[in-house]
Amino acid sequence: MKNFQRKNPWLSLCGLNCGLCPMQLNGSCGGCGFGSQSCPLARCSLAHGKPEYCIECSEYPCEKYEHIDEYDSFITHQNQKADLEKLRHWGEDRYCEEQIKKRELLERLLVEYNDGRKKTMFCLAANLLETEELIRSLEEADARTKGLPQKARAAYMAQLLQDCAEKRGILLKLRKKGKR
């Protein structure tokens, strides 16, 4: 979007974790302010003095956030508001450090455990699970799947992540509008 630029490529204006997004991983989106994606919130930001994040706007949370986390697009929207609050509480440097660590873990999942069918699930897990849960899952899978075929490694990892998610009441599937 013309005249819309941001400093942080890891967290979008509205709270999406850009570095954990499948479109960003594919190179088809640079993230808000870094690509050519048009966004109504970017237009809103321009109209409100170009805050780096919506939480910096004097009108946040506005009506645009009333149902923002009910459905997903190509990336989960489940934690948008919570992640913006985490950013506010932790500060940008600490928040981004965690996102960079999660991106490293996601890249390991994709390289070492993806059978060609787990990218969305792994992106969701990186977004929704805690960093420590991802680390523990990788450590267990590394120890228990050594020498197994990729398909078996992928299935084992998927089950580990699903078990972590279920313990916390998290569903590792994109929620499409009209489907519940």
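Let's start with what kinds of residues line the largest pocket: 15 nonpolar, eight polar and one charged. Here Ala, Val, Leu, Ile, Met, Phe, Trp, Tyr, Cys and Pro count as nonpolar, Asp, Glu, Lys and Arg as charged, and the others, Gly among them, as polar. Keep in mind that this is a predicted model, where local features need pLDDT of at least 70 and side-chain atom pairs count only at pLDDT 80 or more, while totals for chains, interfaces and linings use all residues. Residues are numbered from 1 along each chain as its sequence is written, and side-chain values use heavy atoms, with hydrogens and water left out.

So, what is a pocket? On a 1 Å grid over the protein atoms alone, a pocket is an open set of points where a 1.4 Å probe fits, with protein on both sides within 12 Å along at least five of seven lines; lining residues have an atom within 4 Å of a point. Volume is the space filled by probe spheres set on the points, which are joined across faces, edges and corners.

The largest pocket has about 460 Å³. Of its 24 lining residues, C14, L16, C32, C39 and F74 are closest to the centre. Which helix gives the most to this lining? That is helix 2, residues 40-47, with three residues. Helices are DSSP runs (H or I, at least four residues), numbered from the N terminus.

The second largest pocket holds about 160 Å³. Its lining includes H67, E70, D72 and K177, and divides into two nonpolar, three polar and three charged residues.

Now for the packed parts. A nonpolar core is a set of buried Ala, Val, Leu, Ile, Met, Phe, Trp, Tyr and Cys residues joined through side-chain atoms within 4.5 Å, and buried means under 20% relative accessible area with a 1.4 Å probe, protein chains only. The largest core has 25 residues, and L106, F122 and L129 are among those with the most contacts inside it. Helix 5 supplies the largest share of this core, seven residues. Apart from it lies another core of 21 residues, including C14 and L41.

Finally, look at helix 3, residues 80-90, where Q80, D83, L84 and L87 are buried. Why are they on the same side of helix 3? Because they cover an arc of only 105 degrees around the axis, taken from the directions from the helix axis to the C-beta atoms. These buried residues pack against helix 4, where contact means heavy atoms within 4.5 Å. Just after helix 3, G91 takes a positive phi of about 95 degrees.

Methods:
Helices (H or I, at least four residues) and strands (E, at least two) are DSSP runs, numbered from the N terminus. Buried means under 20% relative accessible area, exposed over 50%, partly exposed in between (1.4 Å probe, protein chains only).
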